[in-house]
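Dear colleague,

I am handing over the structure we talked about, and I would be glad if you kept it open while you read my notes. After it you will find what I found, one topic at a time.

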Amino acid sequence: MSDQKAAKHGLQQTKKATASGWIGSVLEYYDFFIYATAASLIFPQIFFPSGNPTVAIVASLATYGVGYVARPIGAFFLGHWGDTHGRKQVLVLCMFLMGISTMAVGLLPTYDQIGLWAPALLVLMRLVQGFAVAGEISGASSMILEHAPLGRRGYYGSFTLQGVQAGQILAAAIFLPLAYYLPSEQFNSWGWRVPFLLSFIVIVVGYYIRREVEETPVFAEEAKQGAVPRAPIVQAFAESGPNMLRVVCMALMNVIPVVTTVFGAAYAVQPGYGIGFDKSVYLWIPVLGNIVAVLVIPFVGNLSDRIGRRPPIIVGALGAGLLSFGYLYAISTKNVPLAVVMSLLMWGVVYQGYNAVFPSFYPELFPARTRVTAMAISQNIGTMFTALLPALFAAVAPPGAADIPTTVGAIALGITVIASLAAWSARETFRLQTKDLGKPDAAPVPAAEYNQARAQALASAKR
């Protein structure tokens with residue numbers, strides 16, 4: 001194959017891998033976030049005893065957190081699978097587990113029908129969801145990274161998270177017409193089930209897309225040379241322990257979507273808090289924020305290819321933490337326009353400094369032989385901690401508590417400071433060759449050479 005044909009084939013594979021990662025993230029996170037929406041808006045009324053609204057809210061948000069508790073377990077298994085059987089195989093497996101468990105939630109009987117079995121089965125399905133999603137981001141990010149050219153890894157990698165945001169838009173978009181047009185009685189009895197049952201489409205479409213994607217050149221070469229690790233978990237901890245700890249701390253940035261789409265929703269619409277936002281009105285707040293995010297993410301990913309990964313992450317972490325005060329204050333004053341503006345700033349723009357960059361930065365910190373494992377385990381341990389926050393927020397700032405925005409906002413800001421310090425302490429990776437990623441002694445490509453390679457990659461993409 002000539003150099004020109006090889007370059008063209010490589011670009012085609014990069015675009016195909018990016019499209020697969022994007023669409024797969026849309027489908028998987030549609031499933032994951034319809035649960036988050038339902039846990040805030042409807043599950044307290046139908047899966048838990050109705051006598052104590054505070055207990056019902058805390059218990060429902062705790063089931064949301066259970067999914068994140070299962071993620072480290074899934075990360076150990078699915079990370080191992082991705083590093084020993086390939087990136088493509090693990091992504092197909094994740095998709096099937098997620099789709100089936102989400103459909104099952106839509107078929108569950110309620111508390112009034114079977115009592116305590118209802119929340120028990122709900123927790124079981126959430127555990128399977130959390131297990132499945134644990135391998136999605138790390139698998140998709142690694143696949144895109146290993147196909148992308150030098151100077152464009154941040155740009156192409158950002159599409160993984162653009163797909164996540166698009167999945168959230170789709171999740172809320174399905175709920176919006178149902179919550180708006182259906183009478184409350186019908187929505188509570190069967191309307192909420194529709195988005196979950198539509199996950200059948202996830203299984204069909206997702207399998208069709210992912211079966212067409214080729215395995216990455218990096219993993220194919222490892223398999224050819226017999227260099228696939230037999231125990232990637234052991235190697236990951238032995239070789240990359242400090243960077244795994246950094247990723248755990250940076251992944252605590254998941255506190256921002258928790259504040260926006262989980263606790264914020266419960267605070268705004270649950271009768272116990274007395275704010276009284278209409279469900280259909282409140283659902284538009286994260287939708288609009290995510291629409292802005294979808295537009296912003298590729299630009300931030302491209303920016304990280306120019307100035308590095310760490311600056312956008314640090315600025316995004318600290319800025320989003322500060323803005324969380326304003327967002328919660330807007331909800332507390334029942335000011336819908338201000339809540340929308342603060343959501344657009346915090347969630348749609350500033351948070352994307354972190355969100356658009358971590359899909360390239362995390363896998364760049366690890367060598368190819370343990371990349372999926374190291375990223376999956378460390379990222380999911382970090383997000384597991386933040387998944388416990390909705391129940392914590394509801395416990396320390398329950399209905400009737402004073403100054404809820406300050407209490408919850410202070411916790412959120414403190415966590416984002418930890419994330420920004422972890423990013424600051426990490427090595428910059430954007431000018432390292434793909435083959436040198438994860439090597440402590442690897443020298444970055446000189447700036448002039450890097451800029452030339454980046455210009456060539458940009459020119460090739462435009463042809």
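**Notes on the predicted model**

Thr-14 has its place in helix α1, which covers residues 3-41, and please keep in mind throughout that this is a predicted model. With a relative accessibility of 1%, Thr-14 counts as buried, because the cut-off for that word is a value under 20%. The side chain of Thr-14 reaches the backbone oxygen of His-147 at 2.6 Å. If residues up to four places away in sequence are left aside, Thr-14 touches His-147, Ala-148, Pro-149 and Tyr-156.

Some of these names come back in the largest pocket. This pocket has a volume of about 440 Å³. Of the 21 residues that line it, those closest to its centre are His-147, Ala-148, Pro-149, Leu-150 and Ala-457. Two or more lining residues are given by each of the helices α1, α7 (136-147), α8 (153-181), α12 (217-224) and α23 (447-462). Sorted by class, the lining of the largest pocket holds ten nonpolar, seven polar and four charged residues.

A second residue to look at is Ser-332, which is found in helix α16, residues 310-332. Is Ser-332 buried or partly exposed? Its relative accessible area is 25%, so Ser-332 is partly exposed, since that class lies between the cut-offs of 20% and 50%. A polar atom of the Ser-332 side chain lies 2.6 Å from the backbone oxygen of Tyr-329. Not counting residues up to four places away in sequence, Ser-332 touches Tyr-267, Ile-275 and Pro-405. Although Ser-332 and Pro-405 are 73 residues apart along the chain, their C-alpha atoms are separated by 7.3 Å.

Finally, here is the chain as a whole. The protein chain has 23 helices and zero strands, and along its principal axes the C-alpha trace spans about 70 × 45 × 40 Å. A compact globule of 463 residues would have a radius of gyration near 23 Å, and because the protein chain has 22 Å, the value agrees with that expectation. Of the 463 residues, 57% count as buried. Among the contacts in the protein chain with a separation of 6 or more, 84% are accounted for by residues 24 or more positions apart.

With best wishes

Note on methods. Residues are numbered from 1 along each chain as its sequence is written. This is a predicted model: local features need pLDDT of at least 70, side-chain atom pairs count only at pLDDT 80 or more; totals for chains, interfaces and linings use all residues. Side-chain values use heavy atoms; hydrogens and water are left out. Helices (H or I, at least four residues) and strands (E, at least two) are DSSP runs, numbered from the N terminus. Buried means under 20% relative accessible area, exposed over 50%, partly exposed in between (1.4 Å probe, protein chains only). A polar contact is a pair of N or O atoms within 3.5 Å; within protein, one must be able to donate a hydrogen and the other to accept it, and residues adjacent in sequence count only if both atoms are side-chain atoms. Contact means heavy atoms within 4.5 Å. On a 1 Å grid over the protein atoms alone, a cavity is a set of points where a 1.4 Å probe fits but cannot get out, and a pocket is an open set with protein on both sides within 12 Å along at least five of seven lines; lining residues have an atom within 4 Å of a point. Grid points are joined across faces, edges and corners, and a volume is the space filled by probe spheres set on the points. Ala, Val, Leu, Ile, Met, Phe, Trp, Tyr, Cys and Pro count as nonpolar, Asp, Glu, Lys and Arg as charged, and the others, Gly among them, as polar. The radius of gyration is taken over C-alpha atoms; the globule rule is 2.2 Å times the number of residues to the power 0.38.
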